[in-house]
Every structure is written in C-alpha cells, then in structure tokens.
Amino acid sequence: MGPTLEAGKRRRAASDPGTPTAGRPAPAATPRKRKKDLFPYLLVAPASIMELLIHIIPMALGVWIAFIALTQLSIANWVQAKFIGFQNFVDGLNPAGPIGSQFYDALGRTVLFTVIVVGLAWSIGMFAAVLLSSSFRGRGFLRTLFLVPYALPSYVGTIAWAFMFNQRDGVINRLLVDDLGILDHRPFWLLGSNAFWVMVIVTVWQFWPFAFLMLLAALQNIPGDVYEAAALDGASLWKQFTNITLPMIRHANTVLLLILSLWIFNQFNVPYVLFGPASPPEATLISPMIYQQSFSNWNFGVGGAMSVLLLIVLLIASAFYIRLVMPKGKSTDA
C-alpha cells in the first residue's frame with residue numbers, strides 16, 4: 001500500500017508543471033521579469049549619475065590636485081603636472097612659511113567665528129521658538145517675518161548689509177553718528193578688526209531663522225500636559241526650560257548644532273560678497289583663503305591640499321561631536 005501511494009505521488013508531481021523537482025532546471029527569466037528587476041536601478045540612475053558628476057568626480061580630482069605641482073605655469077597641461085607627493089601639505093602646514101602661518105591664523109579665526117555665530121544663532125533661534133510656541137494674536141505674522149532672512153537669497157541680503165555698513169553714506173554710520181550721536185566719527189566697518197564683527201553680524205542674521213525653524217518644529221512635539229504638571233508642582237519657567245524643554249529636544253539640538261557648525265565653518269558667501277576676493281587679514285576665514293590661494297595666487301596644488309585638510313578637520317570634528325553627544329549603543333530614536 002505504501003509503495004503504491006509513493007509512486008502515485010511521484011507520477012502526479014512529474015505531470016504537474018508547477019511542481020519543482022530536483023532534476024528539473026530553473027525556468028529562465030522572462031523579459032518582463034528582467035525589466036521589473038532593473039526598474040529600481042533605472043529610477044536611481046539619474047540621481048546617481050548627477051551625484052557622480054557633481055560631487056564624487058570633483059572631490060577625487062581635488063584630492064589628486066593636492067599631490068601635484070599645479071600652478072599657473074602647468075595649468076594649461078594639468079594632466080601632466082609633476083607629482084610632488086605631500087609637498088603641498090608641507091607648505092600648507094609649515095608654521096614658519098608664509099602659507100602655513102596664514103593657514104593657522106585663518107583656522108583659529110574660523111573656529112572662533114564658528115563658535116560665536118553658532119552660539120548667537122542658536123540662542124536667538126531658541127528664544128524666538130519658545131516665544132512663538134504659545135498661541136497669541138499675531139503669531140503667524142511674526143513667524144513669517146522671522147523667516148524672511150532665511151528665505152532671502154544669501155547674496156542679496158549680504159549686498160544690502162554691505163551698503164548699510166558703507167563708511168561714507170551707509171545707514172549704520174548715519175544712525176550712529178548723525179542721528180544718535182553715539183560716535184563722533186565714521187568708522188570703516190569693512191576694514192580692520194571691525195570687518196570680523198560685521199561678518200559675524202551678517203552671518204548670524206542669515207542663519208538664526210534656520211535655527212528658529214528647526215527648534216520650533218521640535219518644540220511642537222512636546223506635550224503641553226508636561227508643562228502644566230510642572231507648573232502645578234511649582235516649577236519656574238527657567239526650571240521648565242532646563243528640565244523639560246532642553247532634554248526633550250536634545251536630539252533635534254544635536255542635528256541642528258552639527259549642521260550649523262558645518263555650514264558656518266565652511267562659510268564663503270558672506271566674506272566674499274562683503275570684502276571681495278581678498279578679505280582683510282583680520283577677517284580671513286579658511287574657505288576664502290583657499291579661494292585666494294587657488295584663484296588669486298594660481299597655486300592650485302596648495303589650495304587643493306588645504307581643501308583636503310579642511311575636509312579632514314570637519315570629518316574629525318563631526319565624528320567627535322556625534323560620539324560625544326550620542327554614546328555608543330544609543331540612537332536619535334531613543
């Protein structure tokens with residue numbers, strides 16, 4: 001009885017085309033099946049090609065330029081420029097050399113600039129976000145008004161500030177000297193040590209609305225019942241801010257501070273529009289200095305080496321920051 005049943009099962013399995021057998025080869029993929037498998041890759045192909053052309057290939061060329069002697073004498077035939085190894089990095093990092101001394105000065109100034117601007121942009125953005133997180137008449141108008149600096153094109157806003165800080169007929173000097181009488185002379189705001197603080201003011205004005213927008217979105221996710229319970233327990237507004245608000249938006253702050261630091265450390269638009277291709281020595285940052293070495297001094301090799309060094313510094317700082325605020329085993333979803 002048993003062998004007969006087994007033989008019948010084998011015959012039925014052999015006669016059924018949909019039943020797989022050990023000795024039968026797998027059916028070949030149909031054209032429709034192949035198209036279906038390729039469809040996801042076709043969707044991401046345009047973005048991948050653009051990413052390759054806009055970011056990956058230029059970055060690889062920039063790294064290669066850092067290792068060759070590419071100057072105004074060899075730019076016409078840059079493919080055959082002499083390979084000099086790490087000499088460009090040595091010139092850029094040598095504190096006794098003319099380029100190295102400028103590099104360290106610009107690096108320290110850029111770090112100070114980043115700390116000041118990020119601190120002020122975050123503080124103003126947090127104050128505005130807390131102020132507008134509650135409901136009152138005119139809140140929608142103020143939200144729109146606060147976002148104007150961020151929505152305005154960067155070059156347009158910076159040019160307007162440059163006109164305002166003009167020494168002869170700018171509105172800042174007119175207000176301080178002619179109208180209020182605070183100063184008895186018209187200072188040069190875009191020259192000397194004043195240039196650094198003008199750059200700080202303009203950059204803070206451009207970036208604090210982004211901090212405000214991010215923080216306002218994070219504050220919307222905090223339940224109002226938590227504040228009501230804290231108020232019933234007698235917690236002051238400062239206690240509520242430090243013990244409820246800041247801990248509950250910690251992950252949003254992590255992302256915000258990292259993004260702001262990277263953007264501001266790489267700042268190029270504001271100093272270039274305010275001061276032109278050559279920034280004053282007291283206001284020279286890393287990115288404008290790389291531009292000056294590459295396109296004003298025609299020393300593309302040293303400019304490429306500085307760009308690579310800047311990339312390494314940002315990667316190390318970002319990794320350290322992420323490791324510091326998000327210890328191993330924790331995530332932003334915790």
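Entry 1, terms. Before listing linings, I note that a pocket is an open set of grid points with protein on both sides within 12 Å along at least five of seven lines, and that lining residues have an atom within 4 Å of a point. I also note that the model is predicted.

I find 17 residues in the lining of the second largest pocket, and Val130, Ser133, Tyr227, Phe241 and Thr245 lie nearest its centre. Helix H4 (98-132), helix H10 (224-232) and helix H11 (237-248) are the elements that give two or more residues to this lining. H11 supplies the largest share, five residues. I sorted the lining of the second largest pocket by class and got nine nonpolar, seven polar and one charged residues. The space in this pocket is about 450 Å³.

I wrote down a volume of about 680 Å³ for the largest pocket. Its lining has 25 residues, with Pro58, Met59, Ser307, Val308 and Leu311 nearest the centre. Which helices each supply at least two residues of the lining of the largest pocket? They are helix H2 (31-65), helix H14 (286-296) and helix H15 (300-325). H15 gives the most, 10 residues. The class count for the lining of the largest pocket is 16 nonpolar, nine polar and no charged residues.

I searched the whole structure and found one cavity of 30 Å³ or more. The space in the largest cavity is about 30 Å³. I list Phe103, Leu107, Phe265, Ile286, Leu309, Leu310 and Val313 as the residues that line the largest cavity. H4 and H15 each supply at least two residues of this lining, and the largest share, three residues, comes from H15.

I described each pair by the distance of the centres and the angle of the planes. The count comes to 24 aromatic pairs. One of them joins phenylalanine 207 and tryptophan 263, a tilted pair with 6.0 Å centre to centre and 45° between the planes. Phenylalanine 207 lies in helix H9 (residues 194-219) and tryptophan 263 in helix H12 (residues 250-265), so this pair ties together parts that are 56 residues apart in sequence. Is phenylalanine 207 buried or exposed? Phenylalanine 207 is buried, because its relative accessible area is 12% and the cut-off for buried is under 20%. Tryptophan 263 counts as partly exposed, at 38% relative accessibility.

I then looked up tyrosine 291 and phenylalanine 295, which form a tilted aromatic pair at 5.2 Å centre to centre with 35° between the planes. Both lie in helix H14, four residues apart, about one turn of the helix. Tyrosine 291 is partly exposed at a relative accessible area of 23%, whereas phenylalanine 295 counts as exposed at 52% relative accessibility. I also note one aromatic cluster, formed by Phe268, Tyr272, Tyr291, Phe295, Trp298 and Phe300.

How many of the 11 residues of H14 are buried? Eight are, and H14 is mostly covered. I list Ile286, Ser287, Pro288, Met289, Ile290, Gln292, Gln293 and Ser294 as the buried residues of H14. What covers them includes H4, H12, helix H13 (269-275) and H15. H14 is followed by tryptophan 298, which has a positive phi, near 60°.

I found glutamine 267 in the loop between H12 and H13. Glutamine 267 is buried, with a relative accessible area of 5%. What does the side chain of glutamine 267 reach at 3.2 Å? The side chain reaches the backbone nitrogen of valine 270. Leaving out residues up to four places away in sequence, I list Phe113, Thr203, Phe207, Leu285, Ser287 and Pro288 as the residues glutamine 267 touches.

Notes. Residues numbered from 1 in each chain as written. Predicted model: local features only at pLDDT ≥ 70, side-chain atom pairs only at ≥ 80, totals over all residues. Heavy atoms only, no water. 1 Å grid on protein atoms, 1.4 Å probe; cavity = no way out; pocket = protein on both sides within 12 Å on 5 of 7 lines; lining within 4 Å. Points joined across faces, edges and corners; volume = space filled by probe spheres on them. Nonpolar A, V, L, I, M, F, W, Y, C, P; charged D, E, K, R; others polar. Phe/Tyr/Trp six-rings, centres within 6.5 Å; stacked < 30°, edge-to-face > 60°. Buried < 20%, exposed > 50% of the residue type's maximum accessible area, 1.4 Å probe, protein only. Contact = heavy atoms within 4.5 Å. Polar contact = N/O pair within 3.5 Å; in protein donor to acceptor, adjacent residues only side chain to side chain.
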